[in-house]
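Please examine the sequence and the three-dimensional structure shown below.

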Amino acid sequence: MTAPVALSCGEPSGVGPELAARAWSALRESLPFVLIGDPAHLPPGTPVALIDDLSHAPEAARNALPVLRHDFPGDLTPGKPNPDHAQSVIDVIACGVDLVRSGQACALCTAPIHKKALQDGAGFAHPGHTEYLAALAGVDRVVMMLASPALRVVPTTIHIPLAQVPTALTADLLRDTLRITHQALIRDFGLTAPRIAVAGLNPHAGEGGAMGREEIEIIAPLLEQMRAEGLDLHGPMSADTMFHDRARAGYDAAVCMYHDQALIPIKTLDFDRGVNITLGLPFIRTSPDHGTALDIAGQGIANPDSMIEALKMAQTMGVARASTP
């Protein structure tokens, strides 16, 4: 049996604790995982098994949620982040990275954090979770993938204004994105010859230059170069015809040029089961595709599907990476 998945607790005043408890209830023996955090933050009545050795998780998970205890200072109020918790949230993430890099966990799944709370309470210097993980791993460039049973998508540019996309979209950035995606599909998804569809930036993929020249000047020449290296790349394709059923059958992942071009299709097709994956790290990292949901925290109404899928994806990818030469 592979090592268990480590789940970092994220922002404890958000929905992370209740989703961890509900994920354990749904998965139990089929997918044992270990929550890193304070057991006092879990919903009342949650069965807890405190462990200090992750190899005990499969047995413990039969009857209770395995927890690697990390006590937090201060009080917890659902929906209201406590600045006293900020450093502990950060420390838990670092602990999860240590566990997966040492082989005690096969993958890291991260519950959502509240970035402003970390900045206010601990001077968190990173834009978000992903950048902190990249810094811990010593990696300069990572790639965001959103995946569900229906579709895998990768945005080349991410959280920038749409007006800045044409300037940010360079051949170097697109080349790195395609290479990291190609390598991850082989190493972490077990695909021997991955097929990648590449969207154009402009309507109708520029329509021969009539609607923009990025396809002619940047995207198409780069794809031709990378095909010569052996990558199976299709495009640049018109984004409005890439995501219907027949089109999706022709590729394993779609690389898009900007945030909404990638995320609108996957959230339309499978809103509740999308998983955020960070490619390019020396370890597996997944996360549910939602935030802390402070407005509904503690009410027991948060949908656990994305957390469950993120844990499943983490285990599947961890097994694939362990078995890939």
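A nonpolar core is a set of buried Ala, Val, Leu, Ile, Met, Phe, Trp, Tyr and Cys residues joined through side-chain atoms within 4.5 Å. Buried means under 20% relative accessible area, exposed means over 50%, and partly exposed lies in between, with a 1.4 Å probe and protein chains only. The structure is a predicted model, in which local features need pLDDT of at least 70 and side-chain atom pairs count only at pLDDT 80 or more, while totals for chains, interfaces and linings use all residues. Residues are numbered from 1 along each chain as its sequence is written, and side-chain values use heavy atoms, with hydrogens and water left out.

The largest nonpolar core contains 89 residues, of which Phe33, Met145, Leu178, Ile277 and Leu311 touch the most other members. The greatest contribution to this core, 9 residues, is from helix 3 (residues 86-101). Helices (H or I, at least four residues) and strands (E, at least two) are DSSP runs, numbered from the N terminus. Another core, of 14 residues, lies apart from the largest one, and Val153, Ala199, Ala254 and Leu263 are among its members.

Contact means heavy atoms within 4.5 Å. When neighbours within four places in sequence are left aside, the residues in contact with Phe33 include Pro4, Trp24, Leu65 and Leu311. Leu311 is also one of the buried residues of helix 11, as are Ser306, Glu309 and Arg321. Helix 11 (residues 305-323) has 19 residues and spans 27 Å from its first C-alpha to its last, close to the 27 Å expected at 1.5 Å a residue. The expected span is 1.5 Å times one less than the number of residues in the helix.

Beyond its neighbours within four places in sequence, Val198 is in contact with residues including Leu178, Ile219, His234 and Met257. Val198 and Leu174 are 24 residues apart along the chain, and their C-alpha atoms are separated by 9.9 Å.

Asp176 is located in helix 7 (residues 171-187). With a relative accessible area of 29%, Asp176 is partly exposed. Asp176 lies 57 residues from Gln119 in sequence and 30 Å from it in space, C-alpha to C-alpha.

Finally, rings of Phe, Tyr and Trp (its six-membered ring) pair if their centres lie within 6.5 Å; planes under 30 degrees apart count as stacked, over 60 as edge-to-face and the rest as tilted. By this rule there is 1 aromatic pair. The ring centres of Phe124 and Tyr132 are 5.4 Å apart and the planes stand at 75 degrees, so this pair is edge-to-face. Both Phe124 and Tyr132 are buried.
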